Amino acid sequence: MSPHTPHILNGIQTFLILTCLLLLVSCQANNPATTQTQVKVARVVSGQTLEVVGMAEQPNLISQVRLIGVDAPDLRQRPWGIQSKEFLEESIGDLDKPVMLEFDLEAKDTIGRTLAYVWKDGKLLNEQVVKQGYALFVERSPNHKYDQRLERAQQWARIMGQGIWNPDRPMRQTSAEFRRLNR
């Protein structure tokens, strides 16, 4: 064994550690950290859309927020559309208390609404609306962070006969079908 061998091994070990650290950091850059913002709800538009005040770049303007993964009945789909909106209003409660918006990979939809998961008092409202049978779960590519939770919530609502899944009064058309037929 050469007298230089320990120094060479230390150099190789240091190089390998630095390479691994750089690799870890570069992998994290492709997986952006969760971004969240606290806002106040100005009003509930429907079972899937809110108007909020306090978005970072425009703190005094009202912005529309669409709940990711939620397809609520159209307001004209009676009684389900109104019930869905009322449930979301009840879930939000006091409008003076803020909600937390959590963003996924795609922050806006094709018509400019902000896409978000909405949290209130530790509860994911997107999940609650689906779990209580006030909306359908619909995958919104590329936003998939809570798809499993939303899918399970819909399965539970279906099994329990909640809201739109009520066997005595089921919703017969999805909101997308309804909107397409009633433009």
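Tutor: Gladly! Helices (H or I, at least four residues) and strands (E, at least two) are DSSP runs, numbered from the N terminus. Trp156, for example, sits in helix α4 (residues 147-160). The model is predicted, so local features need pLDDT of at least 70 and side-chain atom pairs 80 or more, while totals for chains, interfaces and linings use all residues. Residues are numbered from 1 along each chain as its sequence is written, and side-chain values use heavy atoms, leaving out hydrogens and water.

Student: How many helices and strands does the protein have?

Tutor: There are 5 helices and 8 strands. From the N terminus, their order is α-β-β-β-β-α-β-β-β-α-β-α-α.

Student: Is Trp156 buried, exposed or partly exposed?

Tutor: Buried means under 20% relative accessible area, exposed over 50%, and partly exposed in between (1.4 Å probe, protein chains only). Trp156 is partly exposed because its relative accessible area is 36%. Across the protein, buried residues make up 38% of the 183 residues.

Student: What lines the largest pocket?

Tutor: On a 1 Å grid over the protein atoms alone, a pocket is an open set of points where a 1.4 Å probe fits, with protein on both sides within 12 Å along at least five of seven lines; lining residues have an atom within 4 Å of a point. Here 19 residues line the largest pocket, and Arg66, Asp109, Arg113, Leu115 and Arg140 lie nearest its centre. The elements giving two or more residues to this lining are β3 (58-67) and α5 (175-181).
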